[in-house]
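Colleague: I am new to this structure and would like to go through it with you slowly. Please set each value against its definition before you conclude anything.

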Amino acid sequence: MTALPADPIASLGLDGFAYQFRRGEITSESATRAYLARIEALDGKLGAYQHVAAEQALKTAQAMDRLREAGVDLGPLMGLPISVKDLLVVEGMPTTAGSRVDLSDIVGTEEGPFVQALKRAGCVILGKTKMVEFALGITGVSESLGTPWNPWDLDQQRLPGGSSSGAAVAAAAGLCALAIGSDTGGSVRVPAALNGLFGLKVTFGCWANDGSMSLAPHLDTIGLLTHTARDSAIAFAAINRALGLPEEDLSCQLPRPARLPALRFGRPSNYFFDDLSDEVASAIETALQALSRAGVEIEELAVPEAPEREAYFPVSLPVSLLATLGRERFLANKHLIDRVIAMRIESGLEVKASDHLALEYKRAQSILTAHERFEGFDAWISPTTTATAVTAAELEDPKVGLSFALGMTRNTQPANYLELCGATIPLPRSDGGLPIGFQVMCPGGAEVELLSISLALEELFGRPGLPDMA
């Protein structure tokens with residue numbers, strides 16, 4: 001039996017890989033082959049990938065090595081093997097958006113600016129990761145194309161979170177060095193939290209969604225899933241440079257960790273800390289105590305706009321998706337769609353335009369008032385999810401399934417609803433328990449500040465371990 005190759009980059013970090021790659025101490029081809037070998041050995045069980053582009057990836061990796069040998073430096077992502085969520089178009093790879101429905105006329109074949117930027121930065125795309133159908137689900141369950149297996153428990157299948165389910169599993173299990181996901185209501189932060197990763201949700205409009213299957217064009221955001229905040233900060237800056245932003249722009253530069261004693265955090269007194277499991281409540285309290293000891297000022301504030309997400313998302317998402325799919329296409333293909341997803345989409349068929357517009361008008365006002373509430377605060381903080389990952393078997397109980405799904409979006413959807421940027425930071429578990437995420441939210445457009453704070457918190461909390469894939 002061939003020994004499983006180690007993750008070639010996890011111990012190095014993206015900056016360590018870039019350093020060794022530039023010096024010729026590691027090649028893109030060797031790293032790519034190691035990840036492809038790990039995918040071949042592990043993904044039969046984990047099911048993170050919908051499509052593996054082995055030949056295409058190796059050709060790209062070899063090209064990156066030749067460019068490096070010729071003295072070309074494309075930046076810190078050059079030669080880095082990554083994965084892309086299967087709703088973004090990548091030339092030469094199919095795009096399913098997690099569905100058996102033919103979406104080719106909707107998605108098209110032209111890459112959007114974000115994927116083009118990844119290629120300009122020198123990334124090696126290993127393949128496309130699985131996702132919840134149409135990105136309309138938070139648990140990670142996909143009846144249509146399969147549910148990825150959370151790598152933190154190899155004995156029982158635990159839910160990976162969604163909709164960027166495969167992205168999180170691939171990154172956590174060492175099947176790529178960086179995973180690209182998307183976040184409409186928590187679809188990067190939730191799976192990142194449940195799989196022990198750092199997850200970055202940028203502000204709506206920060207990165208264009210062109211060249212992708214849309215769930216809600218007014219909410220969808222592309223995001224990053226990495227082992228550390230530092231890896232995410234490196235990738236964020238490099239991607240912005242590849243998108244053509246000027247070098248002097250702060251979003252193109254690696255931020256420094258914030259000074260903790262200078263920070264003031266808002267701890268929402270309503271909603272975000274409700275209905276926590278005992279282990280999440282305990283881990284979050286330990287983190288809050290560490291922040292206080294480090295000199296961070298934490299003050300309670302009310303965020304009355306947060307509960308509005310409960311009325312908004314069940315209407316806005318189905319209506320928006322129907323606008324993309326079309327009523328006729330949906331009804332004709334309903335039998336091909338995951339039954340739970342189909343029920344959610346169907347609920348949008350009878351929504352009155354006046355009701356939908358009323359919700360949008362209310363949201364527009366709430367965005368303004370929520371941003372005013374940031375006055376005097378550097379960030380808001382909360383648990384990312386209310387519980388750790390349950391088993392797939394537990395989800396068969398309707399009450400457990402509903403409670404888990406509601407608890408996964410409770411704290412993440414408000415950031416999308418209020419046009420904030422947000423991140424989840426994995427908390428170390430001294431008891432060896434399942435991953436728990438600590439969420440940080442900043443005003444829209446404050447990604448640099450968010451990453452600076454995240455870097456400081458990562459140093460304070462310490463880096464958690466990785467799942468044992470032996």
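Colleague: Where in the structure is the place of Asp 275?

Modeller: Asp 275 sits in the loop between strand 7 (264-268) and helix 9 (278-293), where helices (H or I, at least four residues) and strands (E, at least two) are DSSP runs, numbered from the N terminus. Before going further, note that this is a predicted model, in which local features need pLDDT of at least 70 and side-chain atom pairs count only at pLDDT 80 or more, while totals for chains, interfaces and linings use all residues. Residues are numbered from 1 along each chain as its sequence is written, and side-chain values use heavy atoms, with hydrogens and water left out.

Colleague: Why is Asp 275 called exposed?

Modeller: The relative accessible area of Asp 275 is 65%, and exposed means over 50%, buried under 20% and partly exposed in between (1.4 Å probe, protein chains only); Asp 275 is therefore exposed. Its phi is near 55°, a positive value in a residue other than glycine.

Colleague: What makes Ala 97 buried or exposed?

Modeller: Ala 97 has 0% relative accessibility and therefore counts as buried. This residue, in the loop between strand 2 (81-85) and helix 4 (104-107), has a positive phi of about 55° although it is not a glycine.

Colleague: Why is helix 6 described as largely enclosed by the rest of the structure?

Modeller: Helix 6 (residues 165-172) has eight of its eight residues buried, so it is largely enclosed by the rest of the structure. Among those buried residues are Ser 165, Gly 166, Ala 167 and Val 169. Just after helix 6, Gly 174 takes a positive phi of about 75°, and in the loop between strand 3 (124-129) and helix 6 lies Ser 163, whose peptide bond from Gly 162 is cis, with omega near 5°.

Colleague: How do you know that the length of helix 10 agrees with its number of residues?

Modeller: The expected span of a helix is 1.5 Å times one less than its number of residues, so the 17 residues of helix 10 (residues 309-325) should span 24 Å, and the 23 Å between its end C-alpha atoms agrees with that. Helix 10 is also mostly covered, with 12 of its 17 residues buried, including Tyr 312, Phe 313 and Leu 325. Gly 326, which follows helix 10, has a positive phi near 90°.

Colleague: What makes a space count as a pocket rather than a cavity?

Modeller: On a 1 Å grid over the protein atoms alone, a cavity is a set of points where a 1.4 Å probe fits but cannot get out, whereas a pocket is an open set with protein on both sides within 12 Å along at least five of seven lines, and lining residues have an atom within 4 Å of a point. The largest pocket holds about 840 Å³ of space. The closest to its centre of the 31 lining residues are Ile 138, Thr 139, Val 340, Arg 344 and Ala 405. Helix 10 supplies the largest share of this lining, six residues, and helix 12 (339-346) and helix 14 (398-409) each supply at least two.

Colleague: How many cavities of 30 Å³ or more are there?

Modeller: The count comes to two cavities of 30 Å³ or more, where a volume is the space filled by probe spheres set on the points, and grid points are joined across faces, edges and corners. The largest cavity has a volume of about 70 Å³, and its lining includes Leu 87, Ser 182 and Asp 220. The second largest cavity has about 30 Å³ of space, with Asp 7, Tyr 35 and His 227 among its lining residues.

Colleague: Why is Ile 381 called buried?

Modeller: Ile 381, in strand 9 (residues 379-383), counts as buried because its relative accessibility is 0%. Not counting residues up to four places away in sequence, Ile 381 touches, among others, Phe 265, Leu 288 and Phe 438, where contact means heavy atoms within 4.5 Å.

Colleague: Why is Tyr 417 called buried as well?

Modeller: Tyr 417, which lies in helix 15 (residues 413-417), has a relative accessible area of 1% and is therefore buried.
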